[in-house]
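Please find below a colleague's note on the structure shown here. It is arranged as numbered points.

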Amino acid sequence: MGPEVVNKNRNCVFNGSYAGRDLYITMLEDAEREFVVTHNANIKPVSHFTGRETELQELRQRIEDGRKSVLVSGMGGIGKTHICRKLFEGYLNKYAESKGGVFKHIGYIEYNGDMGSSLQKCLKFKQQDSPEQNLEAAWRELEYLASDGELLLFVDNVDKPMWADPGLQQLNSIPGAVVLTSRQASFSDEFEPYQIGFLGMEQCKEIYEKIRFRGSSRKVGLEEVEDLEYVIESLAGRHTITVELLAHLARIKTWPVRKLREKLEEKGFCLKFHKGGELINIQKSYEALYDLSQLSQAEKNILEAFAIFPYIPLESDVCNQWLLSDAGVSEDDDILMGLYQKGWLQFDINLDGYALHPVFAQFIYEKCKPIKEDHIKLVEACRKNLMIPESGSALKCQCYIPFVESIIIKLNIGTDIENIGLLEAFAHLLQYTANIQKAEILYKKLLDIYINVFGEWNAGTAKCYNNLAYVYLRKKKYEKAEELQKKSLKIQKKVLGEKNSDTANSYNNLAQVYEKQQKYEKAEELYKKSLLIRIYTLGKENSVTAGSYNNLAYIYQIQGKYEKAKGLYKECIRIYEKELGESHPDTAIAYNNLALLYVKYKKYENALEYFLKAYKNLCAKLGMEHQYVQVAQKNMETIYIKMHKRINFAVWLKRKMEE
C-alpha cells in the first residue's frame, strides 16, 4: 500500500504576523551570483564539432541585438544542440579572457518537458522549503537576472509547442536574448525562426575522420576520398548524426571506407528525405546499421530502455541501478561505455550521464516495441528512486519525473494492480512537488483501481480518498476536499476502528479542511478527537501527539482563546524538548508559535525571549541565509522596535548570539 498524505501539522509551517511575502522567498545576494547562472558551467560541443561559421556569426549578431531566436532544422540529428553549445562556450571563453563582455550572465537550460521543472533543475537559486516556493524562487531569480536585459539564456531541445507548457509562455515574457533549440516550426512572434541546414561535404568528411581516427591526426587516403564522398552524400545524405554513427561503426570494425560502402550497399542502406527535410525511410535504413553493429541481447535491452526515456542525460550511477539487472550484466562489463564507443549512446562528460539521440530512440522504439516484461527491474528501481527521503527534500526525486512519465506511456503501464506501487509513489511525488494537476489525474486512477479490486470498504481506498482530498485542499476546492475526507474518515472508522492512528490522521486532515473554511468550532472538535486518539495509540510523550497539541492551540488562538492556546503550546514545547531536543527545528518552530501568541497578548518581553530561542536554534541547524531564519529575525526585530529599546537591534542581537 502506498504512502498516505497526512496534512502537515502547523508546527511544520514557519510563519509570523510580521513576515511579508518577500521574506518567504529568499533570493541570492548579488555577490553570490556568478557569470554562469546555471549549474553546468562546462557546456561544450562534441570534440569533433566543425564548420557552421556562418550560422554562428549570424546567431551571435541576433543574440547581441537582444533578439529571441529559435533554431529550427526540420529534422533531428543535424546539430542544433552543438551549435547552441558552441555559442555558449564562445561567450564563456570571452568572459574568461576579459572578465567582461556583452552579457552580465549566461545560462544553459536542458529542457525536460516542463519549463518550470527544467528551471529548478538547472538554474542556481536559493532553495526554499516547499515545492511551490522553489518554483516561485526559480522564476523570480530568472526574472531578476533578466531585468536589465543583460542575460543570455539557452534552452535546449524544446519538444513542445508554446501553448502546451505554461512555463514556455512565461519564458516568452523574459527580456533579453533567449535561444531555443527545437524542431517546432514556430513559437510566437517574439521568437524568430532560424533554419539550420545540412553541413557541407568537407565538414562531414572532417567529422568522419575525427571519429574514425580518434586520437591521431590521420586522414582518409586519397584513394578512399571518392568512396567516402559517395557514402556521405548518396547514402547518408550529409545527415550529421548518421555520418557520426558510420564513423563509429568503421572504427569499431576497423573497416576501410571501401569496406564500409560495400557493407552498407549490401544491406540496402540509403537515407532518403522528402521536401520538408524529414527522413522517410529511417526504419529500413537504420535496420541495416543496427544489424551491422552486431549488438548483443544485453546491448539491445539497454538501448530499448533508453528509447523509452526522454532525451535527457541520465547519471551513470542511476543507469547502472536501473538498467543492468534487466540486461543481465554487471558494472564490470562496462556495457554503457561500449554502446557509446559504438556510436549509439551519447555521453555527457560534465553530467556524467548517458542519453540516446531522439533519431535513434525513434528507430529503436519502433523496431523493438519494448514491453514491460523485459524491463521489470527498471520499473522497480525507478519506483524506489521516487521515494522522498526522510530529509523531506524531493529535489533529487523531482529529476526523475519526466523519465517516469515516459516509462508509463511507452511501456504502457496501465492501471492493473501490479503497477500500483509505481503509480502510488509517482502520484505522491507529484503532489509533493506541486504538480497538482498531474497528481489529481493519477490519484483518480488509483482510486478507481482500489475500488475495482478491493472495494469501497478498504483501508487503501480510504487513503486514496484522503490523498485526493489533499489535492483539492491544495487547489482550494474546500467543499470537494471535505466530501472526500469525510468518505476517508468513514471507511477508516469502520475498517480500522475509532482508536487507530490512521483514523486520528483522518480526523486531523478533516479538521484542517474545516479550518481552511473558517469553520473553527468543527475544526476544534476534530482536532480534539485526533489528539485523544494519538494519546491513546502513541502516548502523551510523543512528537506526533505534540503536533496535535500545536494544531489545537492554533485553533484556540484564532478564536481568541489565548490562555488555552498558551497551555497547549507550552505542552507541545515540553514534549518536543524532551523527545526531539531543544536544538531540533520543530522545537524552534514551536518557540516561534508561542512567541507569536505572546505578541497577541502584547507581552513583548516573553515574545522576544521565544523569538530569540527560535532564532538561535534555526541559525545553528539551517544557517543564517535560510528563509525560516530570516523570518524569525524579522519578527524579532519588529518586536524589538515596538519595545523602544535604546540599543541598536543589530548590536543587541550580536551580544545575545555570543552569550
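This is a predicted model: local features need pLDDT of at least 70, side-chain atom pairs count only at pLDDT 80 or more; totals for chains, interfaces and linings use all residues.

1. Helix 28 (residues 604-622) and helix 29 (residues 627-642) have axes that come within 9 Å and cross at roughly 155°. Because angles over 145 degrees count as roughly antiparallel, the two helices are roughly antiparallel to each other. The crossing of helix 28 and helix 29 is left-handed.

2. On the side of helix 28, the contact includes Tyr 604, Leu 608, Phe 611 and Leu 612. Helix 29 contributes, among others, Tyr 628, Val 629, Ala 632 and Lys 642. By class, the residues of this contact divide into 14 nonpolar, two polar and one charged.

3. The structure holds 26 aromatic pairs. In one of them, Tyr 290 and Trp 344 have ring centres 6.1 Å apart and planes at 85°, so the pair is edge-to-face. It links distant parts of the chain, 54 residues apart: Tyr 290 lies in helix 11 (residues 282-292), and Trp 344 in the loop between helix 14 (335-341) and strand 7 (345-348). Tyr 290 is buried at 5% relative accessibility, and Trp 344 is buried at 1%.

4. The rings of Phe 309 and Phe 403 also form an edge-to-face pair, with centres 5.3 Å apart and planes at 80°. Phe 309 is in the loop between helix 12 (297-308) and strand 6 (314-315), whereas Phe 403 is in helix 18 (residues 401-410), 94 residues apart. Relative accessibility is 4% for Phe 309, which counts as buried, and 2% for Phe 403, likewise buried.

5. Ring pairs join Tyr 290 and Trp 344 with Tyr 286, Phe 360 and Phe 363 into a cluster.

How values were computed. Residues are numbered from 1 along each chain as its sequence is written. Side-chain values use heavy atoms; hydrogens and water are left out. Axes are lines fitted to C-alpha atoms, for helices over the stretch in contact, and angles run from 0 to 180 degrees between N-to-C directions. Helices (H or I, at least four residues) and strands (E, at least two) are DSSP runs, numbered from the N terminus. Angles under 35 degrees count as roughly parallel, over 145 as roughly antiparallel, 65 to 115 as roughly perpendicular and the rest as oblique. A crossing is left-handed if the near helix is turned anticlockwise from the far one by less than a right angle, and right-handed if clockwise. Contact means heavy atoms within 4.5 Å. Ala, Val, Leu, Ile, Met, Phe, Trp, Tyr, Cys and Pro count as nonpolar, Asp, Glu, Lys and Arg as charged, and the others, Gly among them, as polar. Rings of Phe, Tyr and Trp (its six-membered ring) pair if their centres lie within 6.5 Å; planes under 30 degrees apart count as stacked, over 60 as edge-to-face and the rest as tilted. Buried means under 20% relative accessible area, exposed over 50%, partly exposed in between (1.4 Å probe, protein chains only).
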